[in-house]
Amino acid sequence: MSESRSNKEGSSPFGRGRAPVAIAAVAGLLALTAFAMVSCSDGLQFWQRSEVASNACPRPASLTGSEFNAQESGLRALRRAAFRGDFFAQLELGGRYAALRATDKNIEDPIESATWYAMALANDEGYAPINRVESDGFGDLRPLSRYDDCRAWERHTAYQRLDRQLGQMTREEQEAVRDRVIYILSTLDADGYRTLARLHDRLYGPFGEPEDNREARDALGRKNDGDLGGSDRPRYSAATNLFQRNDVDAYLYNYLAVQTGDVGAYVLLKDFERSAPSRAQYQSFVETKARQWTPPFEFYPTAAPRSGVPFSDESRPRGDAYEYALGRMAGELPFLHVGRALRYLGVSETVAQRPEELSKRQIETLEAMLGNPMEGRLSSLERVRAIQMAAVNGSSEAQLVLAVMYAEGIGLPADYARAFKWFEEAARQGSPEAKFAMSSYFALGVAGVADQDKAQAVALRIDSALFGFGPSAGRLQAVLAQVSRSQQRR
């Protein structure tokens, strides 16, 4: 091919004397082309190409529709996929909430956009080298396509956008992004906790990437774009510092992964303990902290941009424990409590005693508040959400009911840390029942939740008795009678 081209150059109007020069030029061009092809295969020059179309990964058709007349349903479909770990859905949500398209201006929300860009960066689908096959019998691997390179470019772009967004935020807004990422990952059981552990482990990259992963390094880029001889230091300080590295939090999330019953998580925890001499010493402290740990939210925040579509929590209960707890909702929790929560939220003017007393419009109002499709049928999960939403918004009655639900495993899997949290919230608002319940926690000394403190238990029981709570009043009378009998014996 180079020979035929050189012959053509030799017979050109420039004359035969220019042929060697032309041959050299062609050879140089071919060398550059070969270098570019090699560079494309190892991903070192993808940020030098300015054409977005040549760099970006092809999107599934389900992610690229205009959805001008179906924005809400389109967002729900994206959120369902993104909550379940779809890398491209997460990237697409980041772009939608950043209002990269003019039609998305009404849903613009930098915090929500940053959340999904961060989720995409933490997603190992974005950097795991999956498109590779053995090229020969010596075990060498070669790429099947440019897919690895385009994912590196996608992550590189996500780093740029996330860094820009976080750099324009207050500390409180950055914490909101971090809390949302933690909540989403905490709904993914062991996989999510392991990702959170890597995000806090200094032995991994900024978003949990293995340090020796080529795609992860390429996505971060160089100190100066296009400078192949430049420093390998990360450039995006705001993005790379979203999660602060520390051994305690890394240990904590590895431990929480083990608590889900995942065998692989146990192996990784032991590897973590052996990876540095100082890490194993945190064991007892982390065990206590894990029992007290609760996700940042009860459910994903439903606040929405002005004139936008409410955020929907597309995480769904997983596993037998969740299904069993939900199954107990209808038979064991009086609907009266759901009715009170709905009245507190302004969904209904009266307290519904039975589901049949709610109109379809009232149910749709709740579903709209939750960002759910308005189907007009109240599901067990929506009953749980109604009580959670009322509790989050300050109803002491709902806080008390939610605490009991966690304590008994009704509607939600039993969780003493969360039960204690909501008993405590209700007690702050003067609930005598909550104070009595907390007195039991202090009397028993539930491990990791409350230390045994008899004095605190008695004080809380007396306080609840003064408010007329029956069981506490009876217990107090028994104590007083015992004291009076002991005085009579003297």
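In the protein chain, residues 24 or more positions apart account for 64% of the contacts with a separation of 6 or more, where contact means heavy atoms within 4.5 Å. The model is a predicted one, in which local features need pLDDT of at least 70 and side-chain atom pairs count only at pLDDT 80 or more, whereas totals for chains, interfaces and linings use all residues. Residues are numbered from 1 along each chain as its sequence is written, and side-chain values use heavy atoms, with hydrogens and water left out.

The protein chain contains 24 helices and two strands, these being DSSP runs numbered from the N terminus (H or I with at least four residues for helices, E with at least two for strands). Of its 490 residues, 46% count as buried, a term that stands for under 20% relative accessible area, while exposed stands for over 50% and partly exposed for values in between (1.4 Å probe, protein chains only). The accessible surface of the protein chain comes to about 25,000 Å², and 52% of this surface belongs to carbon and sulfur atoms; accessible areas come from the Shrake-Rupley method with a 1.4 Å probe, and for residues only the protein chains shown count as cover.

Helix 6 (residues 87-97) is largely enclosed by the rest of the structure, because 11 of its 11 residues are buried. Among these buried residues are Phe87, Gln90, Glu92, Arg96 and Tyr97. At the N-terminal end, helix 6 is capped by Asp86, a side-chain oxygen of which lies 3.0 Å from the backbone nitrogen of Phe88. Helix 6 is followed by Ala99, a residue whose phi is positive, near 60°.

Glu112 lies in helix 7 (residues 110-122) and is buried, with a relative accessible area of 0%. The side chains of Glu112 and Arg180 are joined by a polar contact of 2.5 Å; a polar contact is a pair of N or O atoms within 3.5 Å, of which, within protein, one must be able to donate a hydrogen and the other to accept it, and residues adjacent in sequence count only if both atoms are side-chain atoms.

Aromatic rings were then examined. Rings of Phe, Tyr and Trp (its six-membered ring) pair if their centres lie within 6.5 Å, and planes under 30 degrees apart count as stacked, over 60 as edge-to-face and the rest as tilted. By this rule the count comes to 11 aromatic pairs. One of them, formed by Phe83 and Trp116, is edge-to-face, with 5.3 Å from centre to centre and 75° between the planes. Because Phe83 lies in helix 5 (residues 71-83) and Trp116 in helix 7, this pair ties together parts that are 33 residues apart in sequence. In space, the C-alpha atoms of Phe83 and Trp116 are 9.6 Å apart. Phe83 is buried at a relative accessible area of 2%, and Trp116 likewise counts as buried, at 0% relative accessibility. An edge-to-face pair is also formed by Tyr183 and Phe297, with 6.2 Å centre to centre and 70° between the planes. This pair links distant parts of the chain, 114 residues apart, with Tyr183 in helix 9 (residues 171-186) and Phe297 in the loop between helix 15 (283-292) and helix 16 (319-332). Tyr183 counts as buried at 5% relative accessibility, whereas Phe297, at 25%, counts as partly exposed. Ring pairs link Phe83, Trp116, Tyr183, Phe297 and Tyr300 into a cluster. Not counting residues up to four places away in sequence, Phe83 touches several residues, including Trp116, Ile184, Leu188 and Tyr300.

A further buried residue is Ser348, with a relative accessible area of 7%, which is found in the loop between helix 17 (335-344) and helix 18 (360-370). Its side chain reaches the backbone oxygen of Thr350 at 2.9 Å. Apart from neighbours within four places in sequence, Ser348 is in contact with Gly339, Leu342, Arg343 and Gln362.

On the surface, by contrast, Val263 is exposed, with a relative accessible area of 64%, and is found in helix 14 (residues 263-275). Val263, Tyr266 and Val267 together form a nonpolar patch with about 310 Å² of accessible area. Patches are made of residues with over 30% relative accessible area and no salt bridge, with like charges joined within 9 Å and nonpolar side chains (Val, Leu, Ile, Met, Phe, Trp, Tyr) within 5 Å; a salt bridge is a side-chain nitrogen of Lys or Arg within 4 Å of a carboxyl oxygen of Asp or Glu.
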